[in-house]
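Trainee: I am new to this model. Please take one part and look at it closely, starting from the overall fold.

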Amino acid sequence: MNEILQGMIEAGRLIVTLDSDLIEISLRSLQVTVTAVLISSAIGLPLGAFLAVKRFRHRRAAIATLNALMGLPPVVVGLVVYLLLSRSGPFGVLGLLFTPSAMIIAQVIILTPLIASISHQTMRDMWAEYHDLLISLNTTRHQRIRALLWDGRRALLTASLAGFGRGIGEVGAIMIVGGNIDHATRVLTTAIALETGKGEFAVALALGFVLIALALAVNWVIHTLSRTEVGERW
Amino acid sequence: MVTRPILPLRLSGAVARRKGKTIVGPVDLDLGPTGCTIVMGPNGAGKTTLLRLMHGLERLADGTIDWQIPDVEAREAQAYVFQTPVMMRRSVLDNVAFPLTLHGVHRKEARDRAADWLVRVGLEAAADRQATVLSGGERQKLALARALIREPQILFLDEPCASLDGRATRDIEAILQAARADGTRLVMATHDMGQARRLADEVLFIHHGRLHDSGPAPSFFGSAPTPEARAFLRGDILE
């Protein structure tokens, strides 16, 4: 209990004094995760809608695979991305290993199936509702997907926020491909792991509280800006 | 917009099947270019399936359905109003404008034309409301405006006034009469005998998926030729 209390006090001190290291790693956490969520959403949301609208051979297997990929172990993803980006790997020439870009790549691989899968669930229900109307209006597949994505945008926000939630708290993959380098690739989660390893539980807890506060703040801001749960909106 | 006439429509031995079971057909039928055809029959007779078959929402298992121009083009000149209207999750105005935006009409022009249609159907006060909060009668008016905004040559209606009160039914019928006066061919399934008498130029009576009677409304209501149709008109329960 004492350590938790100390952690809360330390978190308050770090925030009140605008600790430069805390601000740096918090901003890096946001930069990496928000970028990864944007890329994953750009891929995953239309993919979910496509799987809802398009009938093709092995569609069921594709959806089952996508759902299974939601549980990709981050450490394995990190290891694979590490091997691909390492100097001897196929993309070693790009020099991305131990950079925020490598961390974003790893997160995109982890988050895309999650966002696509949640998007698919939402789009499938909407497609059942819209099917007859959109067929009757002689729409193209592209128009159907656009209509579903636009009308389902508030529900799809949940998919992206779920991705954000997973990304901001992720540590295994970004530790491997980022290397937790001070002033370069250190983020909140890797800093927590480092401080815990050093036995600095109060600092680790403080960073943990900041991480939770950051995740809550981002969710709150997005819900406020998108005006969900307001009046007649969805 | 398709300007070439798509009617008359000819069905020859048209059949709809689901899981190997024949739901409708074989149906032979000619629909002329004008007027209002009412499709009548007991529950489960196949009225909705026949409408969906003609519109292309139901797969044709056998026979032919011929418009005067190729099917793909003919589809552009048709519209369909469902028994339970689909309310897209957007404003009333954007729901009505949607079919125009699909066909490359600029958003502002589409919204202007949609606003005109909302005045015609009496929904102008609800333009900025979310469509999903409308009442049943308002939903049907929206669905009609959305169907008519592209000036279809033929409009299919699947029991559009089912579960509406008298006032809403009267409003819907007024919109349909205006559409017919503007040259839109109406094909409507209904249970409502009074509505059928008020609107029909021609009646199709369908039972067990087969077309039992078809002909001008006065002669159908005056002396229906088959016992099933006569029983239906008397209000008897048909097995």
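**From the whole chain to one helix pair**

Mentor: Along its sequence, chain A reads α-α-α-α-α-α-α-α-α-α. That makes 10 helices and 0 strands in chain A. Helices (H or I, at least four residues) and strands (E, at least two) are DSSP runs, numbered from the N terminus. The model is predicted, so local features need pLDDT of at least 70 and side-chain atom pairs count only at pLDDT 80 or more, while totals for chains, interfaces and linings use all residues. Residues are numbered from 1 along each chain as its sequence is written, and chains are lettered from A and ligands numbered from 1 in the order in which they are written.

The C-alpha trace of chain A spans about 65 × 50 × 30 Å along its principal axes. Of its 234 residues, 39% count as buried (20 or more other C-beta atoms, placed from the backbone, within 10 Å of the residue's own). Take the contacts in chain A with a separation of 6 or more: 79% join residues 24 or more positions apart. Contact here means C-beta atoms, placed from the backbone, within 7 Å.

UniProt, in an unreviewed entry, gives residues 26-222 of chain A as "domain: ABC transmembrane type-1". Such annotations may be inferred rather than shown by experiment; positions follow the numbering used here, and feature names are shortened. This stretch of chain A is 79% helix and 0% strand, with its end C-alpha atoms 18 Å apart. The record also lists "transmembrane region" stretches in chain A, including residues 30-53 and 155-181. Residues 30-53 of chain A are 100% helix, and their end C-alpha atoms lie 33 Å apart. Residues 155-181 of chain A are 78% helix, with ends 37 Å apart.

Chain A touches chain B, with 14 residues from chain A and 15 residues from chain B. In chain B, α2 (71-76) and α3 (92-102) each supply at least two residues of that side.

Now the close look. In chain B, helix α4 (residues 107-121) packs on helix α5 (residues 136-148) at about 135°, axes 10 Å apart. Axes are lines fitted to C-alpha atoms, for helices over the stretch in contact, and angles run from 0 to 180 degrees between N-to-C directions. B:Trp117, B:Leu118 and B:Val121 in α4(B) meet B:Lys141, B:Leu144, B:Ala145 and B:Leu148 in α5(B).

Conventions: Contact = placed C-beta atoms within 7 Å. Buried ≥ 20, exposed ≤ 12 C-beta atoms within 10 Å, placed from the backbone.
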